[in-house]
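Colleague: Could you take a close look at the loops here, and then show me how they sit in the rest of the chain? I'd like one connected tour, please.

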Amino acid sequence: MARSSLQLNSEWIPKVEESLATQQLSQRTIAERLEISRSSVSKFINCKPVALNTFIRLCQELNIDWNGASQPEREWNDNIESFKFKQDEFKANPGGQISPAEIVGRDDLIEELWNRLRQQSFIFSGERRIGKSSTLKKMTANPPEDMLPIYRDLEGIRSPLEFVEGIWQDTETYLREEGKARRVREFISELTGSYFTAYQFPEIAEEHWKTLLTKTIEDVITLQNQQIVFIWDEMPHMLGNFSDETAMEVLDSLRSLRQTYPDIRMVFSGSIGLHHIIKNLQSAGYSNDPTNDMYPIDGQPLHLEDAVELTINLLEGEGVSVANLQETAEEIALAVDSIPFYIHHLVNQLKDYPEEINRDAILNIVNESLRNPLNLWKMDHYRERIDNYYSDVQKPYALEILDILSINPPTPFQRLWQYLKSEPHTTDKETARTVLRLLMKDYYLIQEDNLSGSVYSFRYQLVQKYWRISRGL
Ligand SMILES: Nc1ncnc2c1ncn2[C@@H]1O[C@H](COP(=O)(O)OP(=O)(O)O)[C@@H](O)[C@H]1O
Ligand SMILES: [Mg+2]
């Protein structure tokens, strides 16, 4: 049955409130911006049903996942597929949902990713907000004929059954049309003793998630004319929600499915390096490498020319007037290392800039934003990740190394070591090396060769600047 309205799940109210606060939006301003009535906004916030399109647009504006935020009774919904994204012209919308047409560049990367998928599954990792999800959504919106990408954000998923249910719901649309969705429904019918017609698994299915996963895949491979590609975004996040044992079982099951059904492709994406999750699993006794058959791909910022194109689109879309569009756009792009998320932020802040927009103005806004204790540019995860994912022994090394590099030019290991060994908690040379490698895996640092030999430096000057400012150095 198609649904024409959705309700907010009350568990999401804090997220909605947080988003309104950080974006400094009132119910009135958001209503005006979306050209909807204030009573729709108030119904939305009070978890009353609102029109499907309104619900989705509100969630987009608030930068929350509408699919997760709607009430869990997700009945099958034909309206969703025909729903059109809200904007045709470019608006600065930092972190918000943007339509595939507004995702600039990435064409080479996308082609490379499709070619890779013709060979094997891959892991797409990269710093937070570098543009991974946008790339994957652009791929999903416009696949080549031989590919059937099925995208799902796994962030809020709390149990393997919920994960399998999501996969199954995603495939059901395609299978239903072909009249092929049989095995899963038959299996659940046997479990419950009555014919299963719903779109949510009954509780009794909990302990059978592995069987249901296999049957879902077996149903899917009956679609033989296209390569099925499961794109699972925020995979490490989901695994982090599971117990170690469950996470291992999920990773093992997925690998065994890739081996049994070589026509299925999987994409794992996410910002918490899978290496942290797997390292925890290994210290809990897990000895497999469950992703060694998947190709690692490292998400990068935009190419400079694409970053400039995006900046020009946004400046024009927002009606920001500057003396020399090309030059200003280049300065903006360079000031934020061509990372699209910060380009959106900068343009958004430039909208209301009272003076002439020149290089100094741009750098001022960058510095102000990095200094801002409200974490406007959401950079605090660079600091928090050290607390959350580095061991007590590794922490002082990580902080010390980043502190040193934030105020020095690219530095060779020997020089770093001189600093480290003079501090009381960083006196083991091998630990220093291990932590340096970890900091590279976590996108803080790069290692390059220059005239002084092999040197370490921050990967992004923006992060270096953030680190220096936030640490008071
Ligand atoms: N290619 C792009 N063109 C325009 N905007 C982009 C592009 N890539 C990312 N963005 C902007 O940056 C934000 C963060 O990107 P996202 O893809 O969610 O990053 P990630 O998944 O790596 O954390 C998006 O909400 C969007 O506003
Ligand atoms: Mg993402």
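Modeller: Let's start with cysteine 47, which is found in the loop between helix 3 (38-45) and strand 2 (50-51). Helices here are DSSP runs of H or I with at least four residues, strands are runs of E with at least two, and both are numbered from the N terminus. Before going on, a word on the source: this is a predicted model, where local features need pLDDT of at least 70, side-chain atom pairs count only at pLDDT 80 or more, and totals for chains, interfaces and linings use all residues. Residues are numbered from 1 along each chain as its sequence is written, while chains are lettered from A and ligands numbered from 1 in the order in which they are written.

Back to cysteine 47: its phi is near 65 degrees, a positive value in a residue other than glycine. It has 16 C-beta neighbours inside 10 Å and therefore counts as partly exposed. The cut-offs are these: 20 or more other C-beta atoms within 10 Å of a residue's own make it buried, 12 or fewer make it exposed, and anything in between is partly exposed, with C-beta atoms placed from the backbone.

Asparagine 375 also has a positive phi, near 60 degrees, again in a residue other than glycine. You'll find asparagine 375 in the loop between helix 18 (359-371) and helix 19 (381-389). It is partly exposed, because 14 other C-beta atoms lie within 10 Å.

Next comes valine 393, in the loop between helix 19 and helix 20. With 13 other C-beta atoms within 10 Å, valine 393 is partly exposed too. Its C-alpha atom is 27 Å from that of lysine 378, 15 residues apart along the chain.

Which residues are buried in helix 20? They are Tyr397, Ala398, Ile401, Leu402 and Leu405. These cover an arc of only 120 degrees around the axis, so they lie on the same side of helix 20; the arc is that of the directions from the helix axis to the C-beta atoms. As a rule, an α-helix has 3.6 residues a turn, so residues three or four places apart point the same way.

Proline 410 counts as partly exposed, with 18 C-beta neighbours inside 10 Å. The C-alpha atoms of proline 410 and arginine 33 are separated by 46 Å, and the two are 377 residues apart along the chain.

Now the wider setting. The domain assignment gives domain 1 (5-84), domain 2 (106-298) and domain 3 (381-470), with bounds that come from an automatic or database assignment. Taken over C-alpha atoms, the centres of domain 1 and domain 3 are 42 Å apart. The protein chain has 23 helices and 10 strands, and 34% of its 473 residues count as buried. Along the principal axes, its C-alpha atoms fill a box of roughly 70 × 55 × 40 Å.
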